[in-house]
Amino acid sequence: MSSDIQLPELGSVGLLRYGWRQLTSMRTALILLMLLGIASVPGSLIPQRTQNPIAVGAHFRDSPDLSKWMDRFYLFDVYGSPWFSAIYILLFISLIGCVLPRTIEHFHAMRALPPPTPKNLNRMEYYSKWAASGGELVTARSWFKANRFRILEQEGTFSAEKGFMRETGNLFFHLALILILLGISFSSLFGMRGEAILNVGERFVNTPTSYDSLTYGKLFKDGKLPNFILRVDKFDATYNIVTNSPEDYTLNVTLLDGDFSTLKKHVIKVNSPLTIGSTRIYLQANGYSPVVTVRDSEGSIALQGPIPFLPQDGNLRSIGVIKAPDANPQVGFLGSFLPTYARNNGSGAISVFPQALDPRLLLSVWSGDLGLDSGIPQSFYRIDTSSMQQIGLKSLKPGEVFEYSGGSITFDGYMKWVNLSFVDDPGKNYALLGAIVAILGLLASLFTRRRRIWVRFGSEIEVAGLAKNAAPGLEQELNKLISVLKGEI
Amino acid sequence: MSRNWAYLSNYLVYSSMAVYTISFFAHAIETAWAVRIPNASSSQTFDYKRTEKVARIATAMMALGFLLLFAGVIARGISAGRVPWGNMYEFSITGALAFSGAYLAALRKYDVRWLGLIVSIAVLLTLGTAVTLLYVPSAPLVPALKSTWLVIHVSAAIISGGVFLLANAIAAAYLYLDSMESKGDRTPWAKRLPTLEYLDQLSYRLVAFVFPLWTFAVIAGAIWAESAWGRYWGWDPKETWAFITWVAYAAYLHARVTVGWRGRRAAWLCLFAGSTFLFNYVYVNVWGTGKHTYSGL
């Protein structure tokens, strides 16, 4: 037993203290900062669920085994993953542990006088001396005061110091980063974000069931959804006739809010959302909804109305599905909507302009079991054709009817749909405040020089200076002081 | 009317390329001509008086190229009826303008004429790529770009980019000269370049000067994103890489100021940080996905 190496007793408190020191050291903070940069790389190269769920789905279809493994490491949700969170939480703990003690230290240092003048000034980086001619002390005092140095006058010497803004700015910058993070966490706890696709003419009542997707923070209360009803009146899109790219989107809505007594008209554009209290409504995307009527063999209507189709390219070739579960037998349609139809030898029917100048609805008709009664949730934009069979293919102009065995479909026309985002982000103002303070702090810390100047008065005048962080410009400043003291200026 | 302005812009951009080419050759001649070998037995000497005229021509042509390109960028903006930052062609010509502008501004304060050769060739390559590969006809902006923040966010980003790349060129020059010196002496033409210490300081100062502006560019982008997309930060690839660039330069500044990195290590870190900026510009714009790729290029 006695031959065992005896480690000094560290104890759990000592171990914790050691860990805390390691975590809050500057080196650890720097490594964590670099790690955070590296950790955010994969999310920009691999599709992410939050931004591009369709591409994630395609990845799973193309290589399911690899995707399963990647998903275990949260590679499709990098920015919400435990390992990414771990890095930034550690970084911010490290930052707080680093900055708070420094803030207290700096606060005391700011109120203290500069340390006394050292004995041997000639050891300083900058030093010069010359024979006194009298009156230097008064001149020096007024020069230091005019240049806003803090001075300690002692035994015929001046010890002067300037540039505390450097550390003040530096601390404010880091404290502001913490404020930004608090703002972000506040938003994710108390915020909400919902999406809804609305056809022109449709009404939106602000209740959870009206949304196509709705996410809230853990502490957001359902009842907090503000009361309002929104009607989509009109949507106009204009396109450049040379480049086909969109030039303007204007959405007109009517809003009924508060005590539901007044109707107000509003315009929503891409860069100007509608604000209702703390909720903002953004125009995100738009597309076409073909309007169809599906009839069964007896001529009674099985389905009627606009069906939103999803745009696939810049000319708004859009695809979608139409499901008529009430028809007997059930029918489903896989469709393409082409706003301005043209034929192309390579790829068949295409759209050559995003505006509906010569619209077509291309349909393939499927008959059988849509599988809606199986209880498995189904996508609004997909049909499971495994227990169906194709019974027809047709291209329709507005107003035309396609009759297939067991019924008919009429292409009545089209309307536009808009995708609106409803966002309540209560933390964003804290984040903005943090960002502004961060920039100001950064400017103060990068462009302030911290330096000390000493003057000893006697039969000879001695002047010495020291710049922290080897900041430039001290030599010129000293030369100025010297020439002032010598009476040259 | 707007088409004429677009043509004028193209002429001005092409003319500026011609002038930058003259500047490039003048810089090359200046570098080569200063070397003198009086006779076979004596070693090389340098005579910068002899090349002073060429050097002046080189700088004057750089300034003229800058003015022509400036006019070209302005005319492009007039033709489209907006600020000329709507697609990658326009970003590239403005970026080239910012880069040569950063050089000319630095030249007023520091003796960086030796950089002219690198700057003129970089500007020519950028403009060449812009007019051949990236050119798109002048057109109004897509709705998402119609915002005052376009002016604020993009101008801050372009200026930061120009200065970052200048700092990168200097850091690269540092590494090149450093390896040359560690093998022996500098080759004749390199002898006129400043000391390693000077280059080291200069690239640091440029980064320290422009880092707050880059921070501002990112924040302005976040404010704009809030009003256009309903979130100020969404880890879009462009945003992610802007953040990575910010982290890399923040690490560079920390490494210099608090850890005391100098010289070779600092230069490598500076180059690394600059390459994240270039990656963001080239890769994310051309091959990436996300909300910053709607510009058609």
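Into which domains is chain B divided? Chain B is split into domain 1 (1-141) and domain 2 (142-297). The legends below begin with this chain in a predicted model.

**View 1**
Chain B has eight helices and two strands in its secondary structure. Along the sequence, the pattern reads α-β-β-α-α-α-α-α-α-α. The radius of gyration of chain B is 21 Å, close to the 19 Å from the globule rule for 297 residues, so chain B is as compact as a globular protein of that length. Its C-alpha atoms fill a box of roughly 70 × 50 × 30 Å along the principal axes. The C-alpha centres of domain 1 of chain B and domain 2 of chain B are 20 Å apart.

**View 1. Where domain 1 of chain B touches domain 2 of chain B.**
Here 30 residues of domain 1 of chain B are in contact with 26 residues of domain 2 of chain B. Look at the domain 1 side. Helix H1 (2-33), helix H3 (88-109) and helix H4 (116-134) of chain B are the elements that each give two or more residues to it. H3(B) gives the most, with eleven residues. By class, this side of domain 1 of chain B has 22 nonpolar residues, seven polar and one charged.

**View 2. Helices H6 and H8 of chain B.**
Two packed helices are described by the angle between their axes and the distance between the axes. Helix H6 (residues 196-229) of chain B packs against helix H8 (residues 263-286) of chain B at an angle of about 35°, and their axes are 10 Å apart. H6(B) and H8(B) cross in a left-handed way. From H6(B), the contact uses Asp200(B), Ser203(B) and Val207(B). From H8(B), it uses Gly263(B), Ala266(B), Ala267(B) and Cys270(B). Sorted by class, the contact of H6(B) with H8(B) has four nonpolar residues, two polar and one charged.

**View 3. Helices H7 and H8 of chain B.**
The axes of H7(B) and H8(B) come within 9 Å and cross at roughly 170°. H7(B) is therefore roughly antiparallel to H8(B). On H7(B), the contact residues include Pro237(B), Trp241(B), Tyr249(B), Tyr252(B) and Arg256(B). On H8(B), they include Leu269(B), Phe272(B), Phe277(B), Phe279(B) and Val284(B). The contact of H7(B) with H8(B) has 17 nonpolar, three polar and two charged residues.

Now turn to the partner chain. Chain A has ten helices and 23 strands. The radius of gyration of chain A is 36 Å, well over the 23 Å that the globule rule gives for 489 residues, so chain A is more spread out than a compact globule. Its C-alpha atoms fill a box of roughly 120 × 75 × 55 Å along the principal axes. Chain A is divided into domain 1 (11-105), domain 2 (113-163 + 449-485), domain 3 (188-286 + 421-436) and domain 4 (289-416). The C-alpha centres of domain 1 of chain A and domain 2 of chain A are separated by 48 Å.

**View 4. The side of chain A that touches chain B.**
In this view, 39 residues of chain A are in contact with 38 residues of chain B. Helices and strands both take part on the chain A side: H2, helix H3 (42-45), strand E8 (246-257), strand E11 (279-296), strand E21 (407-424) and helix H9 (428-447) each supply at least two residues. Which helix gives the most to this side of chain A? H9(A) does, with eight residues. By class, the side of chain A that touches chain B has 21 nonpolar, 13 polar and five charged residues.

**View 5. A helix from each chain.**
Helix H2 (residues 26-39) of chain A packs against helix H7 (residues 237-257) of chain B at an angle of about 160°, with their axes 9 Å apart. H2(A) and H7(B) are therefore roughly antiparallel to each other. The crossing of H2(A) with H7(B) is left-handed. Leu30(A), Leu33(A), Met34(A), Leu36(A) and Gly37(A) lie on the H2(A) side of the contact. They meet residues of H7(B) including Ile244(B), Val247(B), Ala251(B) and His254(B). The contact of H2(A) with H7(B) has nine nonpolar residues, two polar and no charged ones.

Methods. Residues are numbered from 1 along each chain as its sequence is written. Chains are lettered from A and ligands numbered from 1 in the order in which they are written. This is a predicted model: local features need pLDDT of at least 70, side-chain atom pairs count only at pLDDT 80 or more; totals for chains, interfaces and linings use all residues. Axes are lines fitted to C-alpha atoms, for helices over the stretch in contact, and angles run from 0 to 180 degrees between N-to-C directions. Helices (H or I, at least four residues) and strands (E, at least two) are DSSP runs, numbered from the N terminus. Angles under 35 degrees count as roughly parallel, over 145 as roughly antiparallel, 65 to 115 as roughly perpendicular and the rest as oblique. A crossing is left-handed if the near helix is turned anticlockwise from the far one by less than a right angle, and right-handed if clockwise. Two residues are in contact if their C-beta atoms, placed from the backbone, lie within 7 Å. Ala, Val, Leu, Ile, Met, Phe, Trp, Tyr, Cys and Pro count as nonpolar, Asp, Glu, Lys and Arg as charged, and the others, Gly among them, as polar. Domain bounds come from an automatic or database domain assignment. The radius of gyration is taken over C-alpha atoms; the globule rule is 2.2 Å times the number of residues to the power 0.38.
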